[in-house]
Every structure is written in C-alpha cells, then in structure tokens.
Amino acid sequence: MAVFCGATGNKFLFTNENKLLTLWLPQSMRKALLIPSFVESSQKEESAILRSFLHDILKPEALKRYIPLMDSMARDHLEAEWLPNDEVKVYPLMKKYTFDLACKLFMSIDDPEHVNRLATHFTLITSGIFSVPIDLPGTAYNGAIKGGKLLCDQLMKIIVARKKEMMENKETAGRDLLSRMIIFTGKNGELMSEMEISSNLLGLLFASCETTSTAITFVLKYLAELPNIYNEVLKEQMVIAKSKGPNDLLSWEDIQKMRYSWKVACEALRLAPPAQGAFREAITDFTYAGFTIPKGWKTFWNVHTTHKNPKYFADPEKFDPSRFEGSGPAPYTFVPFGGGPHMCPGKEYARLEILVCMYNVVTKFKLQKSIPDEKIVFHQSPTPMNGLPVCLQLHEK
C-alpha cells in the first residue's frame, strides 16, 4: 500500500480518480455494507451510477426544500430529548437525530417504532464494521454482517412497498430520495434493481449518519469549551432568530447568513474530522514522486497530514475560525470532504444539517461540559469516551 501525504499528494489522488485510480473499500467493509449477491460485483460501476445520481439530487438547488423539514425535526428532537433534562449526552443523541432525519428525508419514514427497528440493525453495522474482521458467532464483525443483512431485508420490503404505492398513485414519484432512486435510469436507460437500491440506501445511511453525527458532536463540544466562540455564534444566530416569527422555519436565505457559524464548523472539522481518509486502487501503473505504483496496489490518504500540519495551518492545535476568512486555506489542505472533481457529493447536505442543528441548540441553550477533560477515543471516527455529557442552561426569553 502507498500512503500519500500533504497537499500535493491529496491533489494527485483527487484529480486522477477514474484515470489512474478508483475508489476501493476493504472486502470486510463491503461484506458488511452490501447484500451478499453484490459483494463480488464491480464497485466502479456501482459508484459511477450512484455518484451521477447523487450529484443531481444533493446539489444545493435540490436541497433547499429540505431545510424547513430539517428545522422542524431539530425542534422536535430538542423538545423531546433535551428540554426535559438538565444534562444530556450529546453524541448518542446526535446519532439518533441524524438517523431519524435520514429516514425521513431519504425514505419518508417517521413512525418511531419503524425507525427504531431500522436503527437497531444499523447500530450492529456501525459497532462492528471496523472491528477485527473475524466472522465467528459472538464477534462484533459477525454482528455487523448480520446487521447489514437484516437492514437490507428491511430496506427491500420498504422498496417493494414504495414501488407498489407509486404504481397506484403516480403523485408520489420524486417525493424523496427513495422514489427518485426507483425512477432513476442509467446511461443505457436501465432502472436500478431493488437490490442495487437497497445496497445504495444502506451505504448512504452509513455515510450520512456516522460522519454528520460526529461532526455536530464536535462542533457542540468546542462551543461548550470556548465561551468567546459560542458568544459570537449566538450573536449571529440570534439576529436570524429575531427576524422570524415563533412558528417560522428556517429558509435557504437564513442558512446563507450563517457565515461565522460555518467557519466555526469548518474549524471543528479540521481539528476533529469524522472521516480519517480513504482508500483508492491503482487501475494502471503510474509514477509519483519518483516511485512506481503498480496496477492493483492500494493507496490511502489521511486528513491529518494537512489538517494538523503547521506548514498549512499555523499553530494547528489552536481553535481559530478566522483561518476560513477570505479565500480560506490553500487548495487541497482542508479536506474533510475529500477534494477535486470527486469531492463528497453529500457536502452540502452535511453543511445544512450541521448549521440547522447549531441554530436550534445555540438559540435555546448554553452548554457546559460535565467532564471537562473527557478523553477522545478513535474507532472509525473520533468519539467522546463518555458520550459528551453537557449541562444545559436554557436562555431566558
């Protein structure tokens, strides 16, 4: 395996995707995330289909209509899970919130019992997919595989039911991501099979919920630790809140006003990126920095070779949102979403979800960490060891 470092290495990998390299996941991850009949199929074909589809439905113009629903669900979440308590654990609550939101936005599922059943299977996957890949009863990895199969079975039932519904009532076509997947056609006009839709939905749930819940958790962690940063975010968000009626929901125009809040979120993503990097596979022999990388070799890039490098970010351990003023960091140095022509298509979805959550939490509460020196452990993402318990101080109206 070849590990690429620095902005130059990032640029080389990102700009040569599908020319010299292609996306690659370890077989152990593919086995847990994809249903059995797809484990040996061509990942390149799958990713090409999915990427062209995602770029269409996750571009800002398409996401604008989701903002009021995101805001409404964030309000309901805080009302049910935060307001009744003096102290909450942020990390597990953010995992619940992001999964609930994904079920609603992707599949229009909001029945609590149905969502909880899906979440139970999903948790099996996330708890074991990065463990030692020993597929024996009782191991975390075996649980991840079982969770993947159980969740795919549930998704298949949802897909079949939605197809039937769409045949009976064409007005439902295009109402959410699932409906759009069902009617999506590839370059040859073919529809995706139910198994393809199921495996792609599973991958989207994994990509959107795991990374975004971690991102929001660490944004709130830094806001609880840094009163001066919190006060500036509160000042910006209260201007927006005071311009709206009590029942008015956030709009695209409101999101665009959250400039300082997004700089704070970006600095949290720099210091604690949810995704640590990604694998690629060489599809032909090529030379980089005097080294020949043979076809079939695997490559890896890691965010911290630039995010924590004083060459690109002065005093890299300091939390400083001003790094993102003006033109921001140099190209290919800030890469929580990858970079180049194949930057993560879910970047804008994550931005909206993070900012909507920040708005709702900050305008209602001041946060104080219950464990000031809580340790951060690394699984697939940085994770607060105790779930980030915080004391809540409700703002006076």
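In helix 7, the residues His114, Val115, Leu118, Ala119, His121, Phe122, Ile125, Thr126 and Gly128 are buried, where buried means under 20% relative accessible area, exposed means over 50%, and partly exposed is in between (1.4 Å probe, protein chains only). Helices (H or I, at least four residues) and strands (E, at least two) are DSSP runs, numbered from the N terminus. Before going further, some housekeeping. This is a predicted model, in which local features need pLDDT of at least 70 and side-chain atom pairs count only at pLDDT 80 or more, while totals for chains, interfaces and linings use all residues. Residues are numbered from 1 along each chain as its sequence is written, and side-chain values use heavy atoms, with hydrogens and water left out.

Back to helix 7, which covers residues 112-128. Its 17 residues reach 24 Å from the first C-alpha to the last, close to the 24 Å expected at 1.5 Å a residue; the expected span is 1.5 Å times one less than the number of residues. What do the buried residues of helix 7 pack against? They pack against helix 2 (27-33), helix 6 (90-107), helix 8 (140-168) and helix 10 (194-225), with contact taken as heavy atoms within 4.5 Å.

A nonpolar core here is a set of buried Ala, Val, Leu, Ile, Met, Phe, Trp, Tyr and Cys residues joined through side-chain atoms within 4.5 Å. Of the 97 residues in the largest one, Trp82, Met107 and Leu223 touch the most other members. Take Leu223: not counting residues up to four places away in sequence, Leu223 touches Ile229, Tyr230, Val233, Val264, Met358 and Val362. Apart from this core lies another, of 14 residues, including Leu13, Phe14, Leu21 and Val303. As a rule, nonpolar side chains in soluble globular proteins tend to be buried together.

Leaving aside neighbours within four places in sequence, Tyr359 is in contact with Asp71, Gln237, Ile240, Ala241, Lys244, Leu250 and Met258.

Four strands form an open sheet in the order 1-7-4-2, with mixed pairing; two strands count as paired if DSSP finds at least two bridges between them. Strand 1 (2-4) and strand 2 (21-23) each have a single partner strand, so these edge strands have one side left without a neighbour in the sheet. From one strand to the next, the twist averages 35°.

Going across the sheet, strand 1 and strand 7 run parallel and are joined by three bridges, and Phe4 stands opposite Trp301 in strand 7. Strand 7 and strand 4 run antiparallel, with five bridges between them. Among the pairs there, Arg280 has Thr299 as its bridge partner in strand 7, and Gly277 has Asn302. Strand 4 (residues 277-282) is in turn joined to strand 2 by three bridges, again antiparallel. Here Thr22 is partnered with Glu281, while Leu23 stands opposite Arg280 in strand 4.

How enclosed is strand 7? Four of its five residues are buried, so strand 7 is largely enclosed by the rest of the structure. Helix 1 (residues 6-15) lies across strand 1, strand 2, strand 4 and strand 7 (298-302), running at about 130° to strand 7. Axes are lines fitted to C-alpha atoms, for helices over the stretch in contact, and angles run from 0 to 180 degrees between N-to-C directions.

Asn18 is found between helix 1 and strand 2, with phi near 70°, a positive value in a residue other than glycine. Tyr332 also has phi near 70°, and Tyr332 lies in the loop between helix 14 (304-307) and helix 15 (347-362). Most residues other than glycine have a negative phi. Asn18 counts as partly exposed because its relative accessibility is 38%, and Tyr332 counts as partly exposed at 22%.

Finally, confidence. The mean pLDDT of the protein is 89, and 92% of its residues reach 70 or more; pLDDT is the predictor's confidence in each residue, from 0 to 100. Over residues 35-43 the pLDDT is below 50, and this stretch has 20 contacts in the model beyond near neighbours in sequence. Where pLDDT is low, the predicted coordinates should not be read in detail.
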